[in-house]
Amino acid sequence: MLANRRQILIGGARLAALAPFYSLASAGGGSTRGDRVLVVLQLTGGNDGLNTVVPHRQDEYFLLRPSLSLARGSLHAIDDEHGLHPELRGIAELFNEGDVAVVHGVGYPNPDRSHFRSMEIWHTADLDPTPDSTGWMGRLADGVARRAPGEMAALHIGDEGLPLALAGEDYFTPTVRDADGFRLAGGVASLPGVRTRLLEGPAKGDVAFLRDAARSTYRAAARMEAMTAARTAIDYPGTELGRRLRLVARLIAGSFGTRVFHVALDGFDTHAKQRLVHAELLSTVSDALSAFQRDLDATGAADRVATLVFSEFGRRARENGSAGTDHGAGAPLFVVGRGVRGGVYGTPPDLRRLEEGDVPATTDFRSVYAALERDWMDLAASSAAHDPLPLIG
Amino acid sequence: MKGRSLKAWRPGRGEWNRGAAAHLLRRAGFGASREEVERALEAGLEATIDDVLSRDEHDPALLGGARHLVAAGNIEQLAAWWMALILGGGAPLRERVTLLWHDHFATSDAKVDDVRLMYRQNQLLREHGLGDFRQLLHEVARDPAMLLWLDGNENKRGHPNENFAREVMELFGLGIGNYTERDVQEAARALTGWGTKGRAFHYRPAEHDDGTKTIFGQTGDFGGEEAIDLVLAHPACARRIAARLLEELVAPDLGEAAIEEAARALVDFDWNIARTIEAIVRSELFFSDRARRSRIAGPVELVAASVRALEASVAPADAARATAEMGQALFRPPSVKGWDGGRDWINAGTWLARHNHLARLAAAKGDARPDFARAFGTPDAARSAADAVLTVLAPDGCNDGYRDAVVEAAESCASTEAALVLAAQAVLTSPEYQLT
């Protein structure tokens with residue numbers, strides 16, 4: 001940790017200097033914990049950590065990856081020994097502005113190299129999940145919903161099934177495919193008079209309950225439609241991820257009320273011919289995330305949004321025979337946001353000390369969760385046994 | 001107590017009407033078309049109940065279709081196959097109880113991760129779902145999907161895993177408050193050695209704890225079969241199963257007297273589920289006001305009833321996907337407790353899914369387009385289109401404000417077919433329609 005202290009302080013100092021400006025810029029004053037938003041961007045399939053945050057001072061990196069290693073000069077330096085993948089230009093800029101925490105070697109003990117199992121572990125924050133385990137974001141949504149009943153505490157934006165991360169006890173997180181996903185279908189949707197009259201008149205019991213649910217859904221749908229129709233000052237890339245993050249930014253800017261968002265990008269399971277595919281994926285992430293942050297800046301919401309970028313595991317240090325990489329263990333992750341203490345955290349990978357050919361987990365993912373759960377969202381942490389990393393504040 | 005007991009219902013003049021017939025066909029099956037309701041009215045109460053109880057033959061092509069798809073290993077396809085059986089209407093009561101037992105013995109492919117085993121369990125529930133409950137419970141206890149789901153293979157002598165033993169008491173057989181922690185631990189010991197090998201049930205004598213156990217105050221060197229027999233012999237068991245049947249077929253929270261009466265019927269009929277259901281659906285209680293539209297329909301029953309009423313040929317995969325978006329993905333119940341049901345079906349996301357899927361169902365084009373003439377007849381004006389829709393989709397009647405809203409929807413249209421679509425959408429997306 002000591003080696004990285006400098007960066008943490010620099011990040012912290014910059015934030016302190018800029019804080020008054022940002023609190024003036026945002027309409028409702030500075031970020032209070034009651035309106036902070038957590039966005040989780042999941043890189044599905046196991047992102048190659050060593051080609052994301054590259055340890056270019058270690059000769060072993062080039063020896064282990066004869067065809068996949070990235071040239072030192074092409075990287076965006078984050079310190080003397082590490083640089084970000086050339087396609088992570090936007091994230092590098094945000095890092096230089098002090099808004100990105102890079103955490104090395106994140107994972108959990110006894111790594112499971114099955115996608116399904118490892119994702120389950122990350123999603124539940126439970127090393128031995130059972131069918132009854134809830135998801136860490138679902139627990140946050142329950143906490144938010146308890147404090148602000150009637151708001152849509154969490155949203156899953158995507159076309160895959162509801163991620164286990166969002167399974168809560170009480171609150172059921174809706175899925176929205178895209179900006180159109182919350183639009184009412186059918187000709188009856190364009191007859192608000194009919195809809196209103198169908199919900200009128202005396203009612204009790206289940207009918208009264210259903211009318212309340214219908215009314216609040218229609219209100220939410222109308223608000224979402226108005227918010228997504230509004231123009232943005234920032235151009236987003238034309239990717240699916242770009243459109244989804246644009247939707248998140250619109251809902252945040254419009255004070256929709258949702259405080260937990262889940263967005264995923266699939267395709268990181270790069271077993272073969274990885275170079276171009278991985279570059280394309282990282283540029284998709286970086287460009288979309290960069291536009292998202294600029295958009296939040298433009299709408300004055302930036303200081304109340306933190307984004308976690310994670311994957312279920314990293315990849316094998318040595319490339320395989322198909323110019324790809326196989327499933328690994330520990331990997332770096334990013335936490336991005338104006339309210340995040342930018343800098344480098346954790347123990348950098350030492351390629352002379354691999355475990356079963358993998359970068360071991362040196363920082364437990366639950367200490368990242370704890371920072372987001374406790375210090376960012378002001379809610380209970382998944383595990384009391386893991387102190388939060390000082391990423392916030 | 002009048003009108004609230006299992007005494008056979010003798011309808012008075014006008015009481016065997018569209019509302020009553022539709023109620024019977026919704027609860028003892030998955031809803032009905034206009035023609036089916038009219039046929040029931042003509043045939044009378046007794047003949048209709050006889051038909052409900054005896055209609056028990058699936059199209060063999062539908063039933064056999066599963067053999068090819070289990071090899072593909074895709075659980076969504078299996079859900080679509082089941083949905084085809086439900087929509088096909090060959091054996092409505094049997095599919096109704098299969099769904100009830102899937103919810104009761106809730107097993108999810110999320111953990112079992114084997115489509116063939118999920119299919120076999122589904123067939124088991126279908127085969128025994130109307131038979132002797134005691135046999136059903138014994139079969140389920142040896143079912144490989146269940147053994148994987150509740151960690152049978154981990155339940156070994158000296159290291160008992162209590163997962164199945166706990167649920168057989170808490171959820172499948174008795175309910176909380178009817179057993180002690182000690183009973184669970186001892187039953188787990190009795191069940192040690194029960195596991196799977198390949199895809200089959202496998203008993204490992206070396207892993208069975210053959211010591212003495214005490215369960216519900218009775219002591220012996222019980223094995224798994226005996227532990228299950230002890231659960232079945234517990235007085236709470238018949239009550240729990242009776243309560244489950246009443247909740248599904250009649251109404252939630254009917255009270256102790258009704259549950260007690262149905263539990264007695266279950267035991268008197270030697271645990272035969274079909275005969276117990278017959279007694280329930282013939283009863284005053286079943287047709288009472290207390291039972292009509294008394295709970296929020298689950299997504300599968302809602303979608304199936306809507307498809308049948310609209311005479312639409314919806315692709316089963318689309319119907320299965322719709323129910324999943326509404327919160328009920330077949331073969332993937334949220335936990336061993338099954339779906340919570342009732343008001344837990346509803347939140348902003350699932351309400352939107354109900355609204356949009358039902359609205360699209362009425363407006364579908366191409367193959368999935370409803371057969372409006374069969375569904376609603378051939379009304380010649382907007383107002384009569386609204387009435388035709390209300391007759392089919394709101395057979396219990398409605399108040400004037402509701403009717404005016406549906407008429408307004410119909411009158412906003414240029415053609416009668418468009419009027420039928422809009423009127424149907426208005427009803428399908430209304431809160432009242434969500435009740436069964």
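The confidence of the prediction can be stated for chain A, which averages a pLDDT of 88, with 92% of the residues scoring at least 70. Over residues 1-30 of chain A, however, the pLDDT is below 50, and this stretch has 28 contacts in the model beyond near neighbours in sequence.

Chain B contains 25 helices and four strands. Its radius of gyration is 23 Å, close to the 22 Å that the globule rule gives for 436 residues, so chain B is as compact as a globular protein of that length. Taken along the principal axes, the C-alpha atoms of chain B fill a box of roughly 80 × 50 × 40 Å. Of the 436 residues of this chain, 54% count as buried. When contacts in chain B between residues at least 6 apart in sequence are considered, 73% of them join residues at least 24 apart.

The largest nonpolar core comprises 270 residues, and those with the most contacts inside it are B:Leu246, B:Ala262, B:Ile280, B:Val389, B:Val406, B:Ala423 and B:Val427. Helix α6 (residues 75-88) of chain B supplies the largest share of this core, with 11 residues. The surroundings of B:Val406 can be given in detail: when its neighbours within four places in sequence are left aside, B:Val406 is in contact with B:Ala386, B:Val389, B:Leu390, B:Ala423, B:Ala426 and B:Val427.

Burial is also marked in helix α1 (residues 18-27) of chain B, where eight of the 10 residues are buried, so this helix is largely enclosed by the rest of the structure. The buried residues of α1(B) are B:Ala20, B:Ala21, B:Ala22, B:His23, B:Leu24, B:Leu25, B:Arg26 and B:Arg27. They pack against six helices of chain B, namely α2 (34-43), α3 (45-54), α15 (235-249), α17 (273-281), α18 (284-287) and α19 (299-310).

Another arrangement in chain A is an open sheet of three strands in the order β2-β4-β3, in which the pairing is antiparallel. Its edge strands, each of which pairs on one side only, are β2 (53-54) and β3 (76-77) of chain A. Strand β3(A) pairs with strand β4 (residues 83-84) of chain A over two bridges, and A:Ala77 stands opposite A:Gly83 in β4(A).

The loop between α2 (59-64) and β3 of chain A contains A:Ala71. With 11 other C-beta atoms within 10 Å, A:Ala71 is exposed. The C-alpha atoms of A:Ala71 and A:Asp170, which are 99 residues apart along the chain, are separated by 50 Å.

Where the two chains meet, 30 residues of chain A are in contact with 37 residues of chain B. On the side of chain A that touches chain B, the elements giving two or more residues are α6 (192-198) and α7 (205-229) of chain A. Of these residues of chain A, the largest share, 11 residues, comes from α7(A). By class, the side of chain A that touches chain B consists of 18 nonpolar, seven polar and five charged residues.

Definitions and conventions
Residues numbered from 1 in each chain as written. Chains lettered and ligands numbered in written order. Predicted model: local features only at pLDDT ≥ 70, side-chain atom pairs only at ≥ 80, totals over all residues. Core = buried A, V, L, I, M, F, W, Y, C linked by C-beta atoms within 7 Å. Buried ≥ 20, exposed ≤ 12 C-beta atoms within 10 Å, placed from the backbone. Contact = placed C-beta atoms within 7 Å. Nonpolar A, V, L, I, M, F, W, Y, C, P; charged D, E, K, R; others polar. Rg over C-alpha atoms; globule rule 2.2 N^0.38 Å. Pairing = 2+ DSSP bridges. pLDDT = per-residue confidence, 0-100.
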